[in-house]
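Visitor: Hi, I have a structure open and would like a quick tour. Can you walk me through it?

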Amino acid sequence: MYQKGEYIIYGRSGICRIEDITHLNIAGADKKRLYYVLAPLNIKGNRVYFPVDKEDANARRVITEQEAWALLDEIPGIPEIRVTNEKLREDHYKQAVNSCDYRQWVAVIKTLYQRKQLRTAQGKKMGATDERYLKMAEDALYGELAFVMGKNKAEMEPFMIQYMENKGKKKEMAGALL
């Protein structure tokens, strides 16, 4: 059970602060059931409700700063999404983006970045569906990492690239010293 004041990731709403845990007096809501009242950080004035007793796979605690640093180290080893049937490509992206799993978000970003490079090399543009899912995955991942690392979301992508480049150089130096 989550606590009032805690931050969680809830589906496509992103990072939400639990404002209250209460019975709802809203038409259609079970008056005997307790609900989390969530305030999404990226949508001011909006409220989201979900039952306390519902085991929801689309909700989880925000990662810690330590977990965020560990994820940065893990990114090179996270595999891209392999799609064998092009007609199911969007379904794979949608499932990954909606999963609330930051490793899946990384997989979508890596997959679509690689796909974008391939299409650019062929003189083609990135498709609208690919652009949409890339933006959703980036918003989710960069938003959460920025939140826990105390950074601005806009600076996360360059920060991550620089971090991984520096880490790669350190590995090369360490390998040369051995």
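**A quick tour**

Visitor: What kind of model is this?
Guide: This is a predicted model.

Visitor: OK. How many helices and strands are there in the protein?
Guide: The protein has five helices and five strands. Along the sequence they follow the pattern β-β-β-β-β-α-α-α-α-α.

Visitor: And what box do the C-alpha atoms fill?
Guide: Roughly 65 × 45 × 25 Å, taken along the principal axes.

Visitor: How much of the protein counts as buried?
Guide: 37% of its 178 residues.

Visitor: Let's go inside. Which residues touch the most other members of the largest nonpolar core?
Guide: Leu71, Leu141, Leu145, Met156 and Met160 do. The core has 36 residues.

Visitor: Where does the largest share come from?
Guide: From helix 4, with 10 residues.

Visitor: Tell me about Met156. Where is it?
Guide: Met156 is in helix 5. Its relative accessibility is 0%, so Met156 counts as buried.

Visitor: How far is Met156 from Arg12?
Guide: In sequence, they are 144 residues apart. In space, their C-alpha atoms are 19 Å apart.

Visitor: New topic: rings. How many aromatic pairs does the structure hold?
Guide: Eight. Take Tyr93 and Tyr133: their ring centres are 6.0 Å apart and their planes are at 50°, so this pair is tilted.

Visitor: Why is that tilted, and not stacked or edge-to-face?
Guide: Stacked planes are under 30 degrees apart and edge-to-face planes over 60. The planes of Tyr93 and Tyr133 are at 50°, so the pair is tilted.

Visitor: Which parts of the chain does that pair link?
Guide: Distant ones. Tyr93 is in helix 2 (residues 89-97) and Tyr133 is in helix 4 (residues 128-149). They are 40 residues apart.

Visitor: Is Tyr93 buried or exposed? And Tyr133?
Guide: Tyr93 is at 0% relative accessibility, so Tyr93 counts as buried. Tyr133 is at 4%, so Tyr133 counts as buried too.

Visitor: Which residues do ring pairs link into a cluster?
Guide: Tyr2, Tyr10, Tyr36 and Phe50.

Visitor: What sits over the ring of Phe159?
Guide: The charged end of Lys151. It is 4.4 Å from the ring centre.

Visitor: Now salt bridges. What's the count?
Guide: There are 12 salt bridges. One of them joins Arg33 and Asp53, at 2.9 Å from N to O.

Visitor: Where are Arg33 and Asp53 in the chain?
Guide: Arg33 is in the loop between strand 2 (14-23) and strand 3. Asp53 is in the loop between strand 4 and strand 5 (59-61). The two are 20 residues apart.

Visitor: How does each one count, buried or exposed?
Guide: Arg33 is at 28% relative accessibility, so Arg33 counts as partly exposed. Asp53 is at 53%, so Asp53 counts as exposed.

Visitor: Which residue forms a salt bridge with Glu144?
Guide: Arg60, with the closest N and O atoms 2.6 Å apart. Arg60 is in strand 5 and Glu144 is in helix 4, 84 residues apart. Both Arg60 and Glu144 are buried.

Visitor: What about Arg115 and Asp130?
Guide: Their side chains meet in a salt bridge, 2.5 Å from N to O. Arg115 is in helix 3 and Asp130 is in helix 4. Salt bridges that share partners also join Glu86, Arg89, Arg115 and Asp130 into one network.

Visitor: Let's look at the surface. Which residues form a nonpolar patch there?
Guide: Tyr7, Leu41 and Phe147. Together they have about 230 Å² of accessible area. Leu41 lies in the loop between strand 3 (34-40) and strand 4 (48-51). At 31% relative accessibility, Leu41 counts as partly exposed.

Visitor: Last one. What is the phi of Cys100?
Guide: Positive, at about 65°, although Cys100 is not a glycine. Most residues other than glycine have a negative phi.

Visitor: Where is Cys100 found?
Guide: In the loop between helix 2 and helix 3. At 3% relative accessibility, Cys100 counts as buried.

Notes:
Residues are numbered from 1 along each chain as its sequence is written. This is a predicted model: local features need pLDDT of at least 70, side-chain atom pairs count only at pLDDT 80 or more; totals for chains, interfaces and linings use all residues. Side-chain values use heavy atoms; hydrogens and water are left out. Rings of Phe, Tyr and Trp (its six-membered ring) pair if their centres lie within 6.5 Å; planes under 30 degrees apart count as stacked, over 60 as edge-to-face and the rest as tilted. Helices (H or I, at least four residues) and strands (E, at least two) are DSSP runs, numbered from the N terminus. Buried means under 20% relative accessible area, exposed over 50%, partly exposed in between (1.4 Å probe, protein chains only). A charge sits over a ring if NZ of Lys or CZ of Arg is within 6 Å of the ring centre and within 35 degrees of the ring normal. Patches are made of residues with over 30% relative accessible area and no salt bridge: like charges are joined within 9 Å, nonpolar side chains (Val, Leu, Ile, Met, Phe, Trp, Tyr) within 5 Å. Accessible areas come from the Shrake-Rupley method with a 1.4 Å probe; for residues, only the protein chains shown count as cover. A salt bridge is a side-chain nitrogen of Lys or Arg within 4 Å of a carboxyl oxygen of Asp or Glu. A nonpolar core is a set of buried Ala, Val, Leu, Ile, Met, Phe, Trp, Tyr and Cys residues joined through side-chain atoms within 4.5 Å.
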